[in-house]
Amino acid sequence: SVLIDTVVEDGAKIKSHSVIESSRLARQSQVGPFARLRPGTQLAEEVHVGNFVEIKNSSLGKGTKAGHLAYVGDAQIGVGVNIGAGTIVANFDGAKKHPTHIDDQAFIGSNSVLIAPIRIGREAMVAAGSAVTQNVPEGDLAVARGRQENKAGLARKRLQKTS
């Protein structure tokens, strides 16, 4: 692992192949393996940042978890939040960076995109696979994806044409 200009408090753990720059890891937080914490990252106590998670200019509250395969940029994340695998906080619109706020006890389902600026309310949920473009009020469930439709036999027909 590589640590540059970083504060690591007692009991924090950094697993192999992590790169951490200009960040702060509070007591009992855990990072890696293969995590990337960019400048401005602040992890509270008992935060878990797992493999292939990148965080930039963001704070994660006590007990928050981002287990794997996520990008979090320019976000303020509360206490006890779950960031599902494959979640992207899309903070850049091509010209300007925008903030994301995720309040305490929110649950972000796997493979979601949160398109900033946005706020996910306390105890709100984002359904897996959603692309969220509007605020999610406290306690609400956001589902932002197309409904699945199966076309009976169509795949088999298309495969037969290519053979």
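# Close-up views of a predicted protein chain

**View 1. Strands E9 and E11 pair side by side.** E9 and E11 run parallel and are joined by 7 bridges. Strands here are DSSP runs of E with at least two residues, helices are runs of H or I with at least four, and both are numbered from the N terminus. Two strands pair if DSSP finds at least two bridges between them. The model is predicted, so local features need pLDDT of at least 70, side-chain atom pairs count only at pLDDT 80 or more, and totals for chains, interfaces and linings use all residues. Residues are numbered from 1 along each chain as its sequence is written, and side-chain values use heavy atoms, with hydrogens and water left out. Valine 49 stands opposite alanine 66 in E11. Alanine 66 also has a bridge partner in E13, isoleucine 83. E11 and strand E13 (residues 82-83) pair in the parallel sense over 2 bridges.

**View 2. An open sheet has 7 strands.** The order is E2-E5-E8-E10-E12-E15-E18, and the pairing is parallel. Strand E2 (7-8) and strand E18 (118-120) are the edge strands, and each pairs on one side only. Inside this order, strand E12 (residues 75-77) and strand E15 (residues 100-102) pair in the parallel sense over 3 bridges. Alanine 75 stands opposite threonine 100 in E15.

**View 3. The largest nonpolar core holds 31 residues.** A nonpolar core is a set of buried Ala, Val, Leu, Ile, Met, Phe, Trp, Tyr and Cys residues joined through side-chain atoms within 4.5 Å. Buried means under 20% relative accessible area, exposed means over 50%, and partly exposed lies in between (1.4 Å probe, protein chains only). Val49, Ile102, Leu114 and Ile120 have the most contacts inside the core. Strand E9 (48-56), strand E11 (65-73), E12 and E18 each supply at least two of its residues. Which residues does valine 49 touch, not counting residues up to four places away in sequence? They are Gln30, Val31, Gly32, Ala35, Leu37, Leu43, Ile55, Leu60 and Ala66. A contact means heavy atoms within 4.5 Å.

**View 4. Threonine 64 sits in a loop.** This loop runs between strand E10 (59-60) and E11. Is threonine 64 buried or exposed? Threonine 64 is buried, because its relative accessible area is 0%. Leaving out residues up to four places away in sequence, threonine 64 touches Glu46, Val47, His48, Ile77, Gly78, Val79, Gly80 and Val81.

**View 5. Two peptide bonds are cis.** Most residues other than glycine have a negative phi, and most peptide bonds are trans. The bond from glycine 32 to proline 33 is cis, with omega near 5 degrees. Proline 33 is found in the loop between strand E6 (30-31) and strand E7 (36-37). The bond from alanine 116 to proline 117 is also cis, with omega near 5 degrees. Proline 117 is found in the loop between strand E17 (113-115) and E18.

**View 6. Aspartate 5 and serine 22 have positive phi values.** Phi of aspartate 5 is near 50 degrees. Aspartate 5 lies in the loop between strand E1 (2-4) and E2. Aspartate 5 counts as exposed because its relative accessible area is 64%. Serine 22 has a phi of about 50 degrees, although it is not a glycine. Its loop lies between strand E4 (19-21) and strand E5 (24-25). Serine 22 is partly exposed, because its relative accessible area is 26%.

View 7. The loop joins E18 and strand E19 (125-126). Glutamate 123 is partly exposed, because its relative accessible area is 46%. Apart from neighbours within four places in sequence, glutamate 123 is in contact with Asp104, Gln105, Ala106 and Gly139. Where is aspartate 93 relative to glutamate 123? The two are 30 residues apart in sequence and 27 Å apart in space, C-alpha to C-alpha.

View 8. The protein chain has 1 helix and 21 strands. Its C-alpha trace spans about 60 × 40 × 30 Å along its principal axes. Buried residues make up 36% of the 163 residues. Among contacts between residues at least 6 apart in sequence, 11% join residues at least 24 apart.
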